[in-house]
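Try each task before you read its solution.

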Amino acid sequence: MMQTQSQNVFRRVLRHSWIALFALLLSGCHFDMYNQPRLDTYEPSSFFADGRASRPNVEGALAMNAVYYDEYFRTGLVDGVPGDELPVELTRELLERGQAQFNIWCAVCHGEAGFGQSVIAQRGGIVPANFHQQRLRDASLGHFFNIMTVGVYRGDPAQGGYQSMFSYATRISVEDRWAIAAYIRALQLSQNPTIDDVPSAER
Amino acid sequence: MGQIFPRNANLFVRVSIFAGLLLATTLVLLIGVYFRSNTYRQVNVAIEQPVPYSHQLHADTLGIDCRYCHVSVEQSAFANIPATETCMTCHSQIKTNSDQLAPVRASYASGDPVLWERVHRLPDFVFFNHSIHVNKGIGCSECHGRVDQMPVVWQEQAFFMGFCLDCHRNPENYVRPVEEVYNMEYIHPANQRELGAQLVAEYGIMPVDQLTNCWICHR
């Protein structure tokens, strides 16, 4: 008699075991793989007071693998005056890289040919420089590099002056800025060639 | 004691067994369909942003290159959202009084970022790298669609694993010349398979058995 009773209990447990199985199945649904305990790019975090997971750069920080030759390579200035030397080797690849980068960054305002005419300039509000004016044709190579690095101010910022061109130092790498400077020079030469620039066989 | 149920109730019991099974199956299927639906995945749902930035205006009408704002796409796994400084490069001079740009000016003044809404999400167990894709000839529009035609950005693909694998199994069907990666209007030519095979060899894209290895995306 006792045996049958315990058998009954066993059967009853067996009969309801699906609940346990179902619970086990549900416990398999969790998101800790989907959302892992690490902070991704731009993910908010309560750890820092400003709510950001990523930290702003420390002043003067250089990116990993950033090339650092000398002061001229990074500023385009020799004793505060723009130098006229290209600190990297002038190759066809450099000019092609310069062209590609120029068309991303500069052409939006200055135009692909560098005349200061573009869709954005046409819509008004800004007056981009024309690279083919005499002042800029006479300018040294370091001038273009330095402008890309620090930007252009119209007037004194303290007296209502404003920054007409922002610095691109955080967006374009140093090597690419030199490539663009070299390409701007090539653009200038392309608009003002003389017969001497044509190889004698092609004349 | 008389019988409570009539004899034909037996049929009802038998049918209800099958009906119950059918119901359970349907429920499982419905749940599956729901979690794969565009509604759940937020596909083709335009995401409202704190600033009504239009890719259609900036990328198509004005012709600004993708990389002007998404600077890091060629070097980094993550294609960055532009810094406020990038917006202010132009908008410190253009449309300086626009109400719609007020959050941008506030962000530039305070240093706090503009709180853009994220459109594309991947689970943490998937490691997608933008730079390798754009440098090996996979165009932006291949996954993101015609962003240059979107006044407000939406997600074009559900990004199921099958979507990724489709290309990882047959890269020659999707690879384009690297000069065309940022061309949103690019249409694959009729001889795509020949051209693709040629480009796969030229760009040194991994053989398919490596491209479809788990560790390519899951680490």
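**Exercise 1.** Find the stretch of chain B that UniProt lists as "domain: Class III cytochrome C" and describe it.

*Solution.* Start with the record: the unreviewed UniProt entry gives residues 45-100 of chain B (positions follow the numbering used here, feature names are shortened, and annotations may be inferred rather than shown by experiment). This is a predicted model, where local features need pLDDT of at least 70, side-chain atom pairs count only at pLDDT 80 or more, and totals for chains, interfaces and linings use all residues. Residues are numbered from 1 along each chain as its sequence is written, with chains lettered from A and ligands numbered from 1 in the order written. Next, the span: its end C-alpha atoms sit 22 Å apart, with 34% helix and 0% strand.

**Exercise 2.** Work out how the radius of gyration of chain A compares with that of a compact globule of 203 residues.

*Solution.* Then look at the principal axes: the C-alpha trace of chain A spans about 120 × 55 × 40 Å.

**Exercise 3.** Which residues does the contact between chains A and B use?

*Solution.* Count first: chain B gives 17 residues and chain A gives 18, a contact being C-beta atoms, placed from the backbone, within 7 Å. On the chain B side, helix 4 (66-69) and helix 5 (84-91) each give two or more residues (helices are DSSP runs of H or I, at least four residues, numbered from the N terminus).

How values were computed. Rg over C-alpha atoms; globule rule 2.2 N^0.38 Å. Contact = placed C-beta atoms within 7 Å.
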